[in-house]
Amino acid sequence: MLNRRRIWAIALRYFYLLRGSPTRVVPLFAWVGIDMILWGFMSRYLNAISSPGFNFIPALLGAVLLWDFLIRVMQGVTMAFFEDVWSRNFLNIFATPLSIAEYLCGLVSTSLATSAVGLLVMVVMASIFFGLSFFGYGLPLAHFVFVLVVFGIALGIFAAGIVLRLGPAAEWFIWPIPAVLSPFAGVFYPLSTLPGWMQAISRLLPPSYVFEGVRHIVAGGKPSAVSLTGAAGLSAVYLVLSCWYFASVYRHAIRNGLVARYSAESLS
């Protein structure tokens with residue numbers, strides 16, 4: 001059974017780090033703010049040079065906002081994990097009665113809190129400066145956010161598992177993951193523009209259904225409820241698999257004594 005006090009302790013530890021270090025707080029909203037300004041003015045420019053009748057603000061800026069939110073969720077998990085990696089504190093944490101499930105729940109809690117800050121900043125900036133009505137997506141918005149949150153958490157846990165298995169130097173494999181996935185997710189264009197083999201991969205990625213749904217709403221239609229339900233189910237499957245992977249890697253590290261020498265550059 002999960003102990004809520006231990007989960008809260010993991011989350012509280014990270015918030016103490018944020019409180020004591022402004023350099024950790026600024027990235028929570030700085031990069032998303034830059035993205036909103038950059039893509040907001042680009043959307044305005046495209047509106048100015050394109051034929052009237054199509055608004056790039058909800059189509060392009062809205063997609064950027066949702067994609068950045070997914071990245072914040074993923075990085076919220078990995079950054080909290082990396083704090084333990086960088087401080088060489090991972091072994092100390094698991095010398096306590098803390099379970100793997102409690103540790104992961106603590107990471108997820110910090111991710112949800114920090115990504116909510118980024119989402120709030122993006123929504124406020126997009127609304128005030130560029131007139132994006134984020135809630136104009138209607139009821140599907142809750143479904144969009146749910147799918148992205150669950151998939152972002154799954155990516156973050158999987159990425160943490162990779163670093164736990166391969167060692168601290170493997171963190172450089174983690175940062176490019178969103179960039180590698182974005183062409184397949186169809187953030188900026190319909191999936192129909194992709195070649196067949198890329199579309200096959202896109203069907204395995206829950207965000208692709210979200211961004212197709214965004215484009216349907218902008219075009220005056222409605223997203224497919226079946227597709228969004230399938231995306232939610234697919235995200236849940238990835239979350240279960242990522243938790244299983246992290247737990248398997250941890251058990252492997254315990255059996256082979258790798259956790260005790262986790263400060264090494266590689267755990268292979």
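The structure holds zero disulfides, a disulfide being a pair of cysteine sulfur atoms within 2.5 Å. The sulfur of C105 has its closest cysteine sulfur in C243, and because 7.9 Å lies between them, they are too far apart for a bond. C105 is partly exposed at 27% relative accessibility, and C243 is likewise partly exposed, with a relative accessible area of 27%; here buried means under 20% relative accessible area, exposed over 50%, and partly exposed in between, with a 1.4 Å probe and protein chains only.

This is a predicted model, in which local features need pLDDT of at least 70 and side-chain atom pairs count only at pLDDT 80 or more, while totals for chains, interfaces and linings use all residues. Residues are numbered from 1 along each chain as its sequence is written, and side-chain values use heavy atoms, with hydrogens and water left out.

Helix 8 spans residues 177-185, and its buried residues are I177, P178, L181, S182, F184 and A185; helices are DSSP runs of H or I with at least four residues, numbered from the N terminus. Seen down the axis of helix 8, these buried residues fall within an arc of 165°, so they line one face of the helix, the arc being that of the directions from the helix axis to the C-beta atoms. The buried residues pack against helix 4 (56-86), helix 7 (140-166), helix 9 (196-202) and helix 10 (206-218), whereas the exposed residues A179 and V180 sit on the face turned away from the buried side. Just after helix 8, G186 takes a positive phi of about 65°.

Technical notes: Helices (H or I, at least four residues) and strands (E, at least two) are DSSP runs, numbered from the N terminus. Contact means heavy atoms within 4.5 Å.
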